[in-house]
Amino acid sequence: MSFNFNNKNIAFLVGHKTNKLPWRDDEYNILCVDLKAECKSILDKVIVMGDINVFLTGMEDGFSRIATEILVEMKQMYNHIKIIPVFNDEPDVSNLSLEQQIKFWRILANCEERIILNDDFSTCNIDKNIYMAEKSKVCIACWNGKPSNTANAIKYAIENNCFVKIIDLNYYHP
């Protein structure tokens, strides 16, 4: 299946990886639980009020995977939304724990398709973020305000006239 990107009701997810999150990989930490609630509220608003029905995600370990997992759960209520992971190459999850690998493949199984960029793009996340920004009208980012790939993705989103909603990661520090 090949998705038609003529429809600009698309958002993309970007944010810090697990090593930059205050709770690391402890998703039961109250800070992570609070961030998930804020993320779910934002996703709900862009689906209902922003008429977004397609979400592009890099599926990196960290915010984008957390947000993608929330979207998978939300598909029960919004069965019209589509989740499309964008990868630089075939995903390699061998560096993840068995539990994280199972979660990754479960999330991926609930996505409509996946896009592999290796034919047209280099293998860096910068190209993936540019690709997603060019296709989208909304960017949902989790960012700590510091220079990073996430900061660059937000910059690309703004350059492509995307509406940018930032979840301030600094709020979620102990």
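**Entry 1: helix 1 and helix 2.** I looked up the packing of helix 1 (residues 30-48) against helix 2 (residues 63-74) and found an angle of about 60 degrees, with the axes 10 Å apart. Helices here are DSSP runs of H or I of at least four residues, numbered from the N terminus. I took the axes as lines fitted to C-alpha atoms over the stretch in contact, with angles running from 0 to 180 degrees between N-to-C directions. The angle therefore makes helix 1 oblique to helix 2; under 35 degrees counts as roughly parallel, over 145 as roughly antiparallel, 65 to 115 as roughly perpendicular and the rest as oblique. I noted the crossing of helix 1 and helix 2 as right-handed (the near helix is turned clockwise from the far one by less than a right angle; anticlockwise is left-handed).

For the contact (heavy atoms within 4.5 Å), I listed Cys-32, Leu-35, Lys-36, Cys-39, Lys-40, Leu-43, Asp-44 and Ile-47 from helix 1, and Phe-63, Ile-66, Ala-67, Ile-70, Leu-71 and Met-74 from helix 2. By class I recorded 11 nonpolar, no polar and 3 charged residues in this contact. Nonpolar covers Ala, Val, Leu, Ile, Met, Phe, Trp, Tyr, Cys and Pro, charged covers Asp, Glu, Lys and Arg, and the others, Gly among them, are polar.

**Entry 2: basis.** I worked from a predicted model, in which local features need pLDDT of at least 70, side-chain atom pairs count only at pLDDT 80 or more, and totals for chains, interfaces and linings use all residues. Residues are numbered from 1 along each chain as its sequence is written, and side-chain values use heavy atoms, without hydrogens and water.

**Entry 3: helix 2 and helix 3.** I found helix 2 and helix 3 packed at about 50 degrees, with their axes 10 Å apart. Helix 2 is therefore oblique to helix 3, and I noted their crossing as left-handed. Arg-65, Thr-68, Glu-69 and Val-72 of helix 2 meet Lys-103, Phe-104, Arg-106 and Ile-107 of helix 3. I counted 3 nonpolar, 1 polar and 4 charged residues in this contact.

Technical notes: Helix = DSSP H or I, 4+ residues; strand = E, 2+ residues; numbered from the N terminus.
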